[in-house]
Amino acid sequence: AKNYIKSLPKVQKKDFASILKYANPLAVNLLEKMLVLDAEKRVTAAEALMHPYFEPIHDPEEETEAEKYDDTFDNMDLPLDEWKCEFNFVMFSKLTRSKGHAGIKM
């Protein structure tokens, strides 16, 4: 996926504020932070929830933090059959690690 994205022509960033003229400026600001292509520079879900746009509904007591994204496969170049095999292995491993998930008992 990264190689494909790198192969695309460079495009100038759009000014969301001018496109979304009637939107809440805080929503536009958050949208810009969420649509950054580089995952290292993009706002995380936890950071997004702390953005001023969500202040009226933000409740840390009700929010859980997700596991960090596993980018193991991002730079692999495999034939489709091997991708399927890798995916199935990873999914099975995750299912068996979470006790009782999906009816699997440990």
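Which element of the protein has the lowest mean pLDDT, and which the highest? Helix α5 (residues 80–97) has the lowest, at 80, and α3 has the highest, at 96. The score pLDDT is the predictor's confidence in each residue, from 0 to 100. Helices here are DSSP runs of H or I with at least four residues, numbered from the N terminus. For the protein, the mean pLDDT is 83, and 91% of its residues reach 70 or more.

This is a predicted model, in which local features need pLDDT of at least 70, side-chain atom pairs count only at pLDDT 80 or more, and totals for chains, interfaces and linings use all residues. Residues are numbered from 1 along each chain as its sequence is written, and side-chain values use heavy atoms, with hydrogens and water left out.

Start with the pockets. A pocket is an open set of points on a 1 Å grid over the protein atoms alone, where a 1.4 Å probe fits, with protein on both sides within 12 Å along at least five of seven lines; lining residues have an atom within 4 Å of a point. Grid points are joined across faces, edges and corners, and a volume is the space filled by probe spheres set on the points.

The largest pocket holds about 990 Å³ of space. It is lined by 25 residues, and A39, E40, R42, K68 and Y69 are the closest to its centre. Helices α1 (2–7) and α4 (45–49) each supply at least two residues of this lining. By class, the lining has eleven nonpolar, three polar and eleven charged residues. Here Ala, Val, Leu, Ile, Met, Phe, Trp, Tyr, Cys and Pro count as nonpolar, Asp, Glu, Lys and Arg as charged, and the others, Gly among them, as polar.

The second largest pocket holds about 470 Å³. Its lining has 14 residues, with V11, Q12, K13, L35 and L37 nearest its centre.

K13 also takes part in a salt bridge with E32, at 3.6 Å from N to O. E32 sits in helix α3 (residues 25–34), and K13 lies 19 residues away in the loop between α1 and α2 (16–19). A salt bridge is a side-chain nitrogen of Lys or Arg within 4 Å of a carboxyl oxygen of Asp or Glu. By this rule the count is one.

How accessible are the two partners? K13 is exposed, at 62% relative accessibility, and E32 is partly exposed, at 24%. Buried means under 20% relative accessible area, exposed over 50%, and partly exposed in between (1.4 Å probe, protein chains only).

Finally, H51 lies in the loop between α4 and α5. H51 is buried, at 8%. A polar atom of its side chain lies 3.0 Å from the backbone nitrogen of Y53.

Notes: A polar contact is a pair of N or O atoms within 3.5 Å; within protein, one must be able to donate a hydrogen and the other to accept it, and residues adjacent in sequence count only if both atoms are side-chain atoms.
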